[in-house]
Number of protein chains: 4
Amino acid sequence: MSSSDIFIGETIGTAILILLGGGVCAALTLKASKARNAGWLAITFGWGFAVLTAVYISAPLSGAHLNPAVTLGIAIKDGEWADVGTYWAGQLLGAMIGAALVWAAYAGQFTAHLTDREIVGGPGAQATKTKAVEAQEKGAGPVLGIFSTGPEIRNAVQNLATEIIGTVVLVLAVLTQGLNDSGKGLGTLGALVTALVVVSIGLSLGGPTGYAINPARDLGPRIVHALLPLPNKGGSDWGYAWIPVVGPLAGGAIAAGIYNLAFA
Amino acid sequence: MSSSDIFIGETIGTAILILLGGGVCAALTLKASKARNAGWLAITFGWGFAVLTAVYISAPLSGAHLNPAVTLGIAIKDGEWADVGTYWAGQLLGAMIGAALVWAAYAGQFTAHLTDREIVGGPGAQATKTKAVEAQEKGAGPVLGIFSTGPEIRNAVQNLATEIIGTVVLVLAVLTQGLNDSGKGLGTLGALVTALVVVSIGLSLGGPTGYAINPARDLGPRIVHALLPLPNKGGSDWGYAWIPVVGPLAGGAIAAGIYNLAFA
Amino acid sequence: MSSSDIFIGETIGTAILILLGGGVCAALTLKASKARNAGWLAITFGWGFAVLTAVYISAPLSGAHLNPAVTLGIAIKDGEWADVGTYWAGQLLGAMIGAALVWAAYAGQFTAHLTDREIVGGPGAQATKTKAVEAQEKGAGPVLGIFSTGPEIRNAVQNLATEIIGTVVLVLAVLTQGLNDSGKGLGTLGALVTALVVVSIGLSLGGPTGYAINPARDLGPRIVHALLPLPNKGGSDWGYAWIPVVGPLAGGAIAAGIYNLAFA
Amino acid sequence: MSSSDIFIGETIGTAILILLGGGVCAALTLKASKARNAGWLAITFGWGFAVLTAVYISAPLSGAHLNPAVTLGIAIKDGEWADVGTYWAGQLLGAMIGAALVWAAYAGQFTAHLTDREIVGGPGAQATKTKAVEAQEKGAGPVLGIFSTGPEIRNAVQNLATEIIGTVVLVLAVLTQGLNDSGKGLGTLGALVTALVVVSIGLSLGGPTGYAINPARDLGPRIVHALLPLPNKGGSDWGYAWIPVVGPLAGGAIAAGIYNLAFA
């Protein structure tokens, strides 16, 4: 694959990933959305099928990493580092474009939500109170959850551990894919399984931190949240921003280590 | 494929698509339905598996476009326009037949619902109040949501943008399909992925307008709503009808442009 | 396939289908079940994955019809009637065994449910009141919905129409399967698609009558309901029993006619 | 496969299975989790996709049994017993590691949940009262349901019957897999179908006992529950512990018998 195909594929793919992933958070959070309060299962299927759609579209161009932790894991496994920077750049740019597209698709809903007097919480109706209190204490804005992740209980060691564990599962599934599909690389069925693995991680390990498991997925939209001129948007919670970057990268590296020890 | 196979395949396929897609809206909206208020996730899986069933049945005859925006995107990509009219005619006729079949399957429920004194809303229990107020202001009838889409916040630019974005994702996934499945055309696995892409668009981008992303899906049933002699059915909201036609067609054309620039 | 393989395969397969399909109705209906009131989406996925499991297990023996309407449609399409009786006999016997196994798996729950003073309804929490009133008027017992289907609005023409429409969709998908999978017969992917078609029919067309779409699925368990010595079980609603037999058989025949006209 | 590949594969695979399966129970049960009270459908998809992820990752190493009852069924079918002990040892060790990882990912949530004055119940919000009363009577702790299964109605014969029936369905699906996939062994599609069979068993047969259907899945985490120094964790309900071991093993043996009689 050429560098330009990698960059374009990762940019388009990650933009679609964040458009659809951030979109399902917007759909369930914002006022005047038909999907409001549709529940955690909808969030997890929404993110999972976002992965499916994004991988399916971008795989022919770039192999569809769409996640710096996946790129890191593959680089460690293969010992090839030449394209890592190109992948990461496309992923971060794509994530920012995707977050802006969420705003474009839900602009009216954002305005209605942020200018209403109703007390608003983050995504995940079940935890509204916990999150709202948390948000006020920490300065996280009422729609930040549409862009980036945040913990229910703020504890750096614990939050890092959860993100690392989730990412190890994801990257291990990606790395063993070649073993399952007879070395054919990422096919349609592999994209589907990867998507359902992401649903699984969301259902099972998403409770404490919202499962970033992808540095670009969290950092790109957080930058866009900081830049967008939304009324009453509140803070971007930069104090937490390093955890969904460092945790997933560590998880990707650990997964590659497990792969090289047990599967190679 | 012969013109008659195309026409028959698209008619049968789009009829099944709308029977099942409109059906899930009827199932969740109408009184005396076992599925009433089953939630937004049921709506999105219902439409997604409607696509799967319809594509699976009609693909051997016509390739299963079932959507004028898909037909447009493929025509632009391939530069072949000869069959576009045949596809579009079958799609519109099929959509009308499908909407009539929804009425046939739920006739008793329609009557019970429309003659009851209970205050009724559109599909999507979460937004009932918003929608009911909206409906009264605009003259959209209480069961129009079973036939056609409508916005939560009425704003032509915003609503067009949302429909365009959703359709770009759909048509881009359809156009890249040949790249994923080794040029074998639309196989069973491709039908499944396309269905889950539609679930994804519904979960993530359906909140503002109800994701028509298909001119025939919206226009055909709206015509049937206008024609059916339902009691107290209210208006067919013709003022909005152009948006789910123009938006998806624009989205299909933009997707073809992106494809030709980045993937061809 | 030998007659004994057909009979054994259909018996085992239909027993598993009804064990799992009736099981999800028991799980959501009965007191002291962890799944109580899990909602209509759980019912439809439960029946769909019941089809997947049953087809997957029995397909190597009998081709996994598991439904007299499917057997009828295939017989009309192929013009071969020799095995129809064997298929039907295995299907009815299997359905009765499956219904008895539901009772075996949920015996304690049946007793707790039927001897409790709480007012009980059928499956589908959303329609409890409608159904309970209906049940008392017609003599349908409080757990009959775990065994057999029943209409929300009792009207023979309407109920037949709904069952016919649902079965046409199912059997058409089964008949076109050979066209999709290169004539390989029912493979694993075909089983999965058929299962999701059943989920689709449940979500979209199950609201009025509970989608029997299979004579054996309804008649076999109704016989078992009549025979089982459950306390306070109420009537078996034999007045309705012909509709989920005649409707699906008519649907299967119509689907074969559509197939022979448009797809053959 | 070498003994060390079997042991390592089963250990890694079962650890991932229990991490994700126990994880979804933690996510829905514990305070300060975004997924709290997401419902039974989320539990069943969570466990099913846990199977998918674990099988997909470990299949290249060990064939991914991940369940002593599956290993037993395959041993009876093939008449080969040499590796059974290695499989079982890896499965039990992996299950214990997985349960410990659930605690690591949700440590803050466990502490918050167990030290809160709120009256807590087990997983499955629908049955909270039944379960809480049951738990107090029997000494099962408030978070034991995150580790191991427990019955809604305590009756050894009934509970054994339910576990046996569920496991027969699972192991029969695993044993017939070779017949479906042209003897290719467990491929990606087979892993997906097996996962959905587990969803099916959960939806349809999980109501009475919580569907252990796997001795390692229940015993390993129960040991970890007994060992972990959690505050106010209550008892580990050892009186019930033999049922989810004996029932699934009996089910696996019966499934192998059915296979040898009807399918071989």
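How many residue pairs are in polar contact between chain D and chain A? In this predicted model, the count is 11 residue pairs, with both residues at pLDDT 80 or more.

**View 1. The contact between chain D and chain A.** Chain D contributes 38 residues to this contact and chain A contributes 42 residues, and the area buried between the two chains is about 3400 Å², with 73% of it given by carbon and sulfur atoms. On the side of chain D, the residues that lose the most area to chain A are D:Lys34, D:Phe49 and D:Tyr56, which together account for 25% of what that side buries.

**View 2. The salt bridge between chain D and chain A, and the elements of chain D at this contact.** The count here is 1 salt bridge, formed by D:Lys34 with A:Glu152, whose closest N and O atoms are 2.9 Å apart. Among the helices of chain D that each supply at least two residues to the side touching chain A are H1 (3-29) and H4 (84-105), while H2(D) gives the most, with 13 residues. By class, this side of chain D has 29 nonpolar, 7 polar and 2 charged residues.

**View 3. The contact between chain D and chain C.** Here 42 residues of chain D are in contact with 38 residues of chain C, and the two chains bury about 3300 Å² between them, 72% of it on carbon and sulfur atoms.

**View 4. The salt bridge between chain D and chain C.** D:Glu152 forms a salt bridge with C:Lys34, the closest N and O atoms lying 2.9 Å apart, and 11 residue pairs are found in polar contact across this interface, both residues being at pLDDT 80 or more. The largest share of the side of chain D that touches chain C comes from H9(D), with 12 residues, and by class that side has 25 nonpolar, 14 polar and 3 charged residues.

How values were computed. Residues numbered from 1 in each chain as written. Chains lettered and ligands numbered in written order. Predicted model: local features only at pLDDT ≥ 70, side-chain atom pairs only at ≥ 80, totals over all residues. Heavy atoms only, no water. Contact = heavy atoms within 4.5 Å. Buried area = accessible area lost by both parts, 1.4 Å probe. Salt bridge = Lys/Arg side-chain N within 4 Å of Asp/Glu carboxyl O. Polar contact = N/O pair within 3.5 Å; in protein donor to acceptor, adjacent residues only side chain to side chain. Helix = DSSP H or I, 4+ residues; strand = E, 2+ residues; numbered from the N terminus. Nonpolar A, V, L, I, M, F, W, Y, C, P; charged D, E, K, R; others polar.
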